[in-house]
Amino acid sequence: SLLLESKINPNTAYQKQQDTLIVWSEAENYDLALSFQEKAGCDEIWEKICQVQGKDPSVDITQDLVDESEEERFDDMSSPGLELPSCELNRLEEIAELVASSLPSPLRREKLALALENEGYIKKLLELFHVCEDLENIEGLHHLYEIIKGIFLLNRTALFEVMFSEECIMDVIGCLEYDPALSQPRKHREFLTKTAKFKEVIPISDPELKQKIHQTYRVQYIQDMVLPTPSVFEENMLSTLHSFIFFNKVEIVGMLQEDEKFLTDLFAQLTDEATDEEKRQELVNFLKEFCAFSQTLQPQNRDAFFKTLSNMGILPALEVILDILLINLIIEHMICDTDPELGGAVQLMGLLRTLVDPENMLATANKTEKTEFLGFFYKHCMHVLTAPLLANTTEDKPSKDDFQTAQLLALVLELLTFCVEHHTYHIKNYIINKDILRRVLVLMASKHAFLALCALRFKRKIIGLKDEFYNRYIMKSFLFEPVVKAFLNNGSRYNLMNSAIIEMFEFIRVEDIKSLTAHVIENYWKALEDVDYVQTFKGLKLRFEQQRERQDNPKLDSMRSILRNHRYRRDARTLEDEEEMWFNTDEDDMEDGEPVVSPPDKTKNDDDIMDPISKFMERKKLKESEEKEVLLKTNLSGRQSPSFKLSLSSGTKTNLTSQSPAANLPGSPGSPGSPGSPGSPGSVPKSTSQTAAITTKGGLVGLVDYPDDDEDDDEDEDKEETPPLSKKAKFES
């Protein structure tokens, strides 16, 4: 389809920029640009334009706007100056055409600027402006708009001095209200005189300084709001206007810096406890604007400026207002972000995270400053951050579960998780005293999976610390209940929630966190015992039974340590002498897999050692046979139906149930990708007893399925793989 149709005019100036852009103007207020994705496409169109205008395609502009013909240049240099038409109402159109025709030529712009300066022409034009407004001469007002806009593009400081003077600036703004492209004039003067109010938080006695502040504000308003956006040909024609504003700000900063009484009064009121909050807010806003203006100073002058502020007492003043005001202001803006995507809240959360990151705090001689700041943050600011979380988790499920609220709570949880990792006892005291984890786990009932996973990630970070203070808090409050309930409600769906929950329990098993292992098995085993597509929960049960055995029979525990110290591993390590003595026996000494104690160990009482060993090995054989039976049944019959019913013990009466989803649903038992289906990542094939463990440098991160990793199992496997050394010798002979 056709996007643009434009006739190539032989006299129009076409300009090629950056190899992929062609720009030109077809009317005074109508600029066009063609942007190409590839350089080749731009070159093709550029060659056609140059062909029509008879230009070499190697040029970047088809009509030279700067250089004129030799004849025109000779005429301009020989003529004494530019003669302006008389400033009369009926000649406004002629004046506007003269200004417009002079802009493309630097020499003509120069002569026009000199003529306007020497004849006081701008003030005469502004007198005509009043006449046109009184007569409601809209055509004349449109011509005056074009004339004044053209004078701005002359980029002349001397003209700006006249136009921005106290007597002329409001009339100049008035002329720029009548843009011919608009159906109705703008009301800039009304805004500047009635809406915008000049407020002196500290009285300014110098009238010149006050006038300079007014002028700078109005010129900045003209640049930002009144003048139309410059075209690609005009953008460099307003550099002097930028410089005018820049040097005005430099003058204002210098004049305020020299007024010692003004700065003394400013900081005295900032630090005075009697100053009310509204007044203090105004003083802070003034100080902020003052420091923003200082960025216009040269580096040397800027250093002197901040040294002056330091000597006047800026740091004690900021200490009063900065911490509570700034941090809580950031948090409140983050919480109150109205953007549906929370774009501002995400940026503010990143800023807040940077503020509370101990790694970003400067190292000082007084190392307690970090602790003091964090103590201050948890005392004065943390309650503001957690307010939306606490307000939304008063019941068993989130009171508000819309998408925007879920996004906000996910941001809060992300920051709290960061604090758990980096703030040690500050966040620990806050979580335990305020019962934060219980409130966070309410969010696992959210319909938004990303929020439920954020809550789970928060708990996983706490468990990962392996801190017994946290563990006792979790067990006392039965805070595995929401996790188990979410696991059962998830059913047999093989998704991120399923994997994340299993990974958390697998971490507890692998790291052998005894207190949590016992708590989980004692209170939630009935709900988890039928989960057999991974060995995580059976492994936890085995850990629990081993712990109980050690407690019941301390001698057996010591014997296990002896066996562990004398175990043989088939790897690249060189066998030590003690290991050689252990295995340097005839194979007949090894009966039914029972180890024979080497002679040096027989100094101990045989009854004390062999009796617990024989009992342990009998129990172990019985368990192995039972496990093989269960595994065989599972492989023959397929995965059992995931219908679990649990009555929690230890004082809790909540019943957790999970019904099997419909067989036709995605992720249901027997469907591809479900934990119990053949070939799925969670299934247990007959040919192997374990699946691969997904690990990283930081630890276990994925779904895992390990068999019993008791050291004695390893020992049995090694014995099956490697014959005793004496047997090896027989083979060699």
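1. On one side of helix 5, Glu-127 and Asp-134 are exposed; exposed means over 50% relative accessible area, buried under 20%, and partly exposed in between (1.4 Å probe, protein chains only). Helices (H or I, at least four residues) are DSSP runs, numbered from the N terminus.

2. This is a predicted model, in which local features need pLDDT of at least 70, side-chain atom pairs count only at pLDDT 80 or more, and totals for chains, interfaces and linings use all residues. Residues are numbered from 1 along each chain as its sequence is written, and side-chain values use heavy atoms, with hydrogens and water left out.

3. The buried residues of helix 5 are Tyr-121, Ile-122, Leu-125, Leu-126, Leu-128, Phe-129 and Cys-132. They lie on the same side of helix 5 because they cover an arc of only 155 degrees around the axis; the arc is that of the directions from the helix axis to the C-beta atoms. In general, an α-helix has 3.6 residues a turn, so residues three or four places apart point the same way.

4. The elements against which the buried residues of helix 5 pack include helix 3 (92-102), helix 4 (106-118) and helix 6 (138-153). After helix 5 comes Glu-136, with a positive phi near 55 degrees.

5. Val-131 also belongs to helix 5 (residues 121-135). Its relative accessible area is 35%, so Val-131 is partly exposed.

6. Elsewhere, His-519 lies in helix 26 (residues 514-528). His-519 counts as buried because its relative accessibility is 5%. Leaving aside neighbours within four places in sequence, His-519 is in contact (heavy atoms within 4.5 Å) with Met-475, Phe-478, Phe-480 and Tyr-524.

Technical notes:
Helices (H or I, at least four residues) and strands (E, at least two) are DSSP runs, numbered from the N terminus.
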